[in-house]
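Below is what I looked up, in the order I went through it.

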Amino acid sequence: MTRPPSAWIVLKFGGTSVSTLANWLNIERVATERLRSDARLLIVHSALTGITDSLERLLDAAIGQGQEEELRAIEERHRRLAAEIGVPVGEEVERHLAELREIAAGVALVREVSDRTRARVLAMGELMATRIGARFLAARGLPVAWADARSMLRAEARQSGGGRASMLAAVCSFEPDASLAERLEGLAPLVVTQGFIASDEEGNTVLLGRGGSDTSAAYLAAKLRAQRLEIWTDVPGMFSADPRATPTARLLRALHYDEAQEIATSGAKVLHPRCILPARQYRIPLYVYATQAPGLEGTLLTAEGADGGAQVKAVCTKKGITLISLDTPGMWHQVGFLADAFQVFKQHGMSVDLVSTSETTVTVSLDPAANTLNNTQVAELVADLSRLCRVQVIGPCASVSLVGRNIRAILHQLGGAFEFFEEQKIHLVSQAANDLNFTFVVDESQGSRLVEQLHELLIRPVPGDKVLGPTWQQLFSQPGEAAAGQVPWWRVRRAELLAALGQRASAFVYHLDTVRQAARALRGLHSLGRVHYSMKANPHPQLLRALHAEGIEFECVSRGEAERALELFADLDPLRILYTPNFAPREEYAWALERGVRVTVDNPYALIAWPELFRGREIFVRLDTGVGRGHHTHVRTAGTRSKFGVPIGDVRELAALAQAAGARIVGLQAHVGSGIFDVTSWEHTARLLAGAAQALADVSVIDVGGGLGVPERPDQPGVDLRKLDTLLMAVRAEQPHLEVWLEPGRYLVANAGVLLARVTQLKSKGGVHFVGVTTGMNSLIRPALYGSYHDIANLTRADQPATELVNVVGPICESADVLGHDRLLPLTHEGDVLVIANAGAYGHAMSSDYNLRAPAAELFI
């Protein structure tokens, strides 16, 4: 006979949840509410946020130097929290701090750390934090007792995996334990204990692995047959994607245990995958809540879930994956090959995740969360596998998983999703046997972008949806908010923008002061000899005059652009114009060379077919570094599938062609893509160009291209110009004879421009709300072409709260005419003016009269 649930509620609070007074006041409130329901509470409590890492560093420092600094930081952290919440640290914490000093001194003497010592030290984080937490709750008048989790959870002996796994990643039994319930009931209505730690049969401290506090809480909930388990963290439940990377990610209100397990193992970090099994086995409802926002509904996991039909519920990514590919023709019909291969993985303690097979090849994935994947261990694994077959290691990779229910039943609906993989290198595809996920393994750099694109396409709520709740944006933010307290210029100049628009239906409006600020920021970099504005971003004469006045040069890709610069600036030396055509006709090269502008060659054909044009000329050459970067396939401008540049390995051949034509190569240029925020990209390009320049005696300039990323969302950091300057200065120091140039486009003008458009109509269809405006992809094609994100706000009602989730669409007869999906706006009316931000680059410059609708005009304030 199944024993009924007890009156126990188990609540787990993570490190972030227990590290501030504000959160402790919320913990007190939650505990008080639960106690009023006559339940008994067991609080499972993590170490303070970051302390486990600090304890790891302490052990490393004890082997080397600097242990005193780490000890002091750990001690100060706990004393600071105790002071903040108004309690003494207590003699128990003082004893633990003294013990830490003794252990660190001992490690410094023997200069090694055993697994037993590591477990003992890392457990101190939970032991100290729970003492402080229990004191706070007692001081607030709650009936609380402290208990040691090591007396409640006993690690099981491992049959394989070695002592390290048993000591640092232990597994515990979780059968219902009436004696434990009785013992805890004798302590107090509220008991505080630790997550992450347990004991072995000999009474030694063991750990449950990173994320083990979730698992501790689930083990204890099962042992107590709790009526519910609550996991309190820093996000209000499980979401359809990582909400910090995808603000339109939706709260998942209700899930089956199995669905939650798939989402957790596919990369979501809200819930540790191991904590679900105990709850599922004993059918304990599991709730996920946010400590900082206890009033939000959260996520509920049960055996019923939401009882919905076939549906994709989440798009997840997991990075740092290593693929091992085993290849041998002898595998075909060979009995026991897979058994032999998997025995090698077992011997090395490696847990295999995904498996894909063919007649001659087997590819498996190794998840870094379940394996130690340092180079030495991977090399040892490969050496042993090589006795069976040819082995290839592929990585780093990322898995991208579509998670939901009955995925096979909706494969026909996923055709559009598969198109996103058209230009991706897919290393492995796996469809789960339980029909809960469809997973692709791609290059690690592509994972996040694919998640964003797939999520926008596939995660769509329907009326009365019991699974998909509000978006992260709806829960926590308002449009137009800026990071670090900065307010966008278009909010400050709202009245001027509305006045400038007047009675017009739509207009681009530019703010020249913002252009000047961006120009000065780049001109202030000491590493750069020149900054050339990529004119194609926006060739409006007033913008060009403002940039020229700030000392910015020009990079042109057509005769028309070069002629505009020469017409506007009579005093401009043509050699200061960098002309970089691609597949342009012979006549354009002839004109440019005759006019005296600096010509860049990106195809050997020009030197082979038209050598007479280049005789006696100094030229630049555009090289292809081999790897493109950027936010979308269409802006990655390097690699074999890109039409730009000469392969960097062909430099000597190109030098011979230039010499035969009588030309001198004096500069090398490369541009790998756009929307890049990692400043090491330009350092990498600079070093590649400097290396190539060694074969070319006349080269004095390396041009590292542009593509500096412009933040699209309020919480997205910008390019670190100071770090970029430092990295390029290092290259300059190593190659003092080379000058470094940069070619930004969007970086200089994107933030300076907005698109204003009036609302024309409103529509609701199947629970999806549309706001139509007077212009669309005929004025701003970037969202349709690149999937780009532009912040959108209702300028007319800027002071009203944003409460409606809408799609903002234009009047063009194309399904792609969408300026923004799932945008949070105030209640909007016909005639309101919407502002589409970051529209100063590749807006009007790429506009058209498609549908014979004139694009938005251009204005300045």
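Which side chain does the side chain of glutamate 743 join in a polar contact? I found glutamine 669, at 3.1 Å. (A polar contact is a pair of N or O atoms within 3.5 Å; within protein, one must be able to donate a hydrogen and the other to accept it, and residues adjacent in sequence count only if both atoms are side-chain atoms.)

**Ground rules.** I'm reading a predicted model, where local features need pLDDT of at least 70 and side-chain atom pairs count only at pLDDT 80 or more, while totals for chains, interfaces and linings use all residues. Residues are numbered from 1 along each chain as its sequence is written, and side-chain values use heavy atoms, with hydrogens and water left out.

**Glutamate 743.** I placed glutamate 743 in the loop between β28 (739-742) and α27 (746-749). (Helices are DSSP runs of H or I, at least four residues, and strands are runs of E, at least two, numbered from the N terminus.) Glutamate 743 is buried but has no salt bridge; lysine 536, the nearest side chain of opposite charge, is 6.4 Å away. (Buried means under 20% relative accessible area, with a 1.4 Å probe and protein chains only; a salt bridge needs a side-chain nitrogen of Lys or Arg within 4 Å of a carboxyl oxygen of Asp or Glu. For charge, Lys and Arg count as positive and Asp and Glu as negative; His and the chain ends are not counted.) Leaving out residues up to four places away in sequence, glutamate 743 touches residues including Ser534, Glu555 and Asp703. (Contact means heavy atoms within 4.5 Å.)

**Serine 534.** Next I followed serine 534, which sits in strand β20 (residues 530-534). Serine 534 counts as buried because its relative accessibility is 4%. Its side chain makes a polar contact of 3.0 Å with the side chain of glutamate 555.

**β22 and β23.** I saw that β22 (residues 577-579) and β23 run parallel, joined by 2 bridges. Tyrosine 579 has valine 599 as its bridge partner in β23. From β23 (residues 598-601), Arg598 and Thr600 point one way and Val599 and Val601 the other, and all are buried.

**The open sheet.** I then traced an open sheet of 8 strands with mixed pairing, in the order β3-β4-β2-β1-β7-β10-β11-β9. (Two strands pair if DSSP finds at least two bridges between them.) The edge strands, each pairing on one side only, are β3 (144-146) and β9 (254-256). Inside this sheet, β7 (residues 228-233) and β10 (residues 286-290) run parallel with 5 bridges, and threonine 233 stands opposite alanine 290 in β10.

Notes:
Buried < 20%, exposed > 50% of the residue type's maximum accessible area, 1.4 Å probe, protein only.
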